[in-house]
Amino acid sequence: MTHPLVQHKLSLLRDETTGSKEFRELAAEIAMLMAYEATRDLETETVRIQTPVAEAEVPMLAGKKLALIAILRAGLIMADSIVRLIPAAKVGHIGLYRDPESLNPVEYYAKLPSDIGERRVFLLDPMLATGGSAVEAIRTLKERGAQNIKLMSILAAPEGVARVQSAYPDVEIVVAAIDSHLNDHGYIVPGLGDAGDRIYGTK
């Protein structure tokens, strides 16, 4: 996304001097701005209402219901902000952690809406680094019946984007920025560090 507000807030997010409180606020604001763009293709239908002045035909959201699926733990900040825009959306969670040696994802938790197959799914994770966690989460979603999935990440590495596109070419990816590469530890360069640690003040 090239919107100046998104890029400005992302630059503040990257700054190592940005504290946890401001980092959380910025991440939430970026997620809301991204959701505005990512939901541009939602279907609407015309309904008739009464305004204080006259009857009017106006557009309202229609079509499939929505689900926001946060990859724990960092994805929570995105889900919490986006659900303020779309309060009728159901929220689910997939718990994954990355093995520090193999860099492979390990699932430890999955709680999804029972009607996930009937919903448009927005999979949320601030960082798309190696792509392992995203691919594993998408696999879990598809095994539970999800068909229409859109992945939203604030920051991505080319390696992660390529891995998701190779494994699941039907999944659209929405990111605020794609950085240069991954380092030897699987971190995005220049990146912003560990999003979870910076959101919650842990190390």
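Trainee: Leaving aside its neighbours within four places in sequence, which residues is Asp-194 in contact with?

Mentor: In this predicted model, Asp-194 is in contact with Arg-73 and Tyr-187 once the neighbours within four places in sequence are left aside, and Asp-194 itself sits in the loop between E11 and H6.

Trainee: Why is Asp-194 called partly exposed?

Mentor: The relative accessibility of Asp-194 is 28%, and since buried means under 20% and exposed means over 50%, Asp-194 therefore counts as partly exposed.

Trainee: What makes Gly-193 partly exposed, and which residues is Gly-193 in contact with beyond its neighbours within four places in sequence?

Mentor: Gly-193 has 35% relative accessibility, so it counts as partly exposed by the limits of 20% and 50%. Gly-193 is found in the loop between strand E11 (188-189) and helix H6 (195-200), and its contacts, with those neighbours left aside, are Met-127 and Tyr-187.

Trainee: Which residues does the UniProt annotation "binding site" cover together with Gly-193?

Mentor: According to the unreviewed UniProt entry, that annotation covers Ile-188, Gly-193, Asp-194 and Ala-195; of these residues, Ala-195 is included in the lining of the largest cavity.

Trainee: Where else does UniProt place the feature "binding site"?

Mentor: The unreviewed entry also places a "binding site" feature at a set of residues including Arg-73, Arg-98, Met-127, Ala-129 and Asp-194. Of the residues in that set, the lining of the largest cavity includes Pro-126 and Met-127.

Trainee: Why is Ala-129 called buried, and why is Arg-98 called partly exposed?

Mentor: Ala-129 has 12% relative accessibility and so counts as buried, the cut-off being under 20%. Arg-98, with a relative accessible area of 29%, is therefore partly exposed, because that category is what lies between the 20% and 50% limits. Ala-129 is found in the loop between strand E7 (127-128) and helix H4 (132-143), whereas Arg-98 lies in strand E4 (residues 90-98); among the contacts of Ala-129, leaving aside neighbours within four places in sequence, are Arg-98, Glu-159 and Ile-188.

Trainee: How do you know that Asp-179 and Arg-14 form a salt bridge?

Mentor: The closest N and O atoms of Asp-179 and Arg-14 are 2.7 Å apart, and because the rule asks for a side-chain nitrogen of Lys or Arg within 4 Å of a carboxyl oxygen of Asp or Glu, the pair qualifies as a salt bridge. Asp-179 lies in the loop between strand E9 (172-178) and strand E10 (181-182) and Arg-14 in helix H1, so the pair ties together parts that are 165 residues apart in sequence. Asp-179 is buried, with a relative accessible area of 10%, while Arg-14, at 24%, is partly exposed.

Trainee: What makes Asp-115 and Lys-90 a salt bridge?

Mentor: Their closest N and O atoms are 3.9 Å apart, which is within the 4 Å limit, and the pair links distant parts of the chain, with Asp-115 in the loop between E5 and strand E6 (119-124) and Lys-90 in strand E4, 25 residues apart. At 13% relative accessibility Asp-115 counts as buried, whereas Lys-90, at 37%, is partly exposed.

Trainee: Why is Lys-150 called buried, and which network of salt bridges does Lys-150 belong to?

Mentor: Lys-150 has 6% relative accessibility and therefore counts as buried, given that the limit is under 20%. Lys-150 forms a salt bridge with Glu-172, the closest N and O atoms being 3.5 Å apart; Lys-150 lies in strand E8 (residues 148-156) and Glu-172 in strand E9, so the pair ties together parts that are 22 residues apart in sequence. The network of salt bridges links Asp-41, Arg-120, Lys-150 and Glu-172, and by this rule the count of salt bridges comes to 16.

Trainee: Why is Ala-88 called exposed?

Mentor: At 70% relative accessibility, Ala-88 counts as exposed, because exposed means over 50%; Ala-88 lies in the loop between helix H3 (75-85) and E4.

Methods. Residues are numbered from 1 along each chain as its sequence is written. This is a predicted model: local features need pLDDT of at least 70, side-chain atom pairs count only at pLDDT 80 or more; totals for chains, interfaces and linings use all residues. Side-chain values use heavy atoms; hydrogens and water are left out. UniProt positions are given in the numbering used here, feature names are shortened, and annotations may be inferred rather than shown by experiment. On a 1 Å grid over the protein atoms alone, a cavity is a set of points where a 1.4 Å probe fits but cannot get out, and a pocket is an open set with protein on both sides within 12 Å along at least five of seven lines; lining residues have an atom within 4 Å of a point. Helices (H or I, at least four residues) and strands (E, at least two) are DSSP runs, numbered from the N terminus. Buried means under 20% relative accessible area, exposed over 50%, partly exposed in between (1.4 Å probe, protein chains only). Contact means heavy atoms within 4.5 Å.
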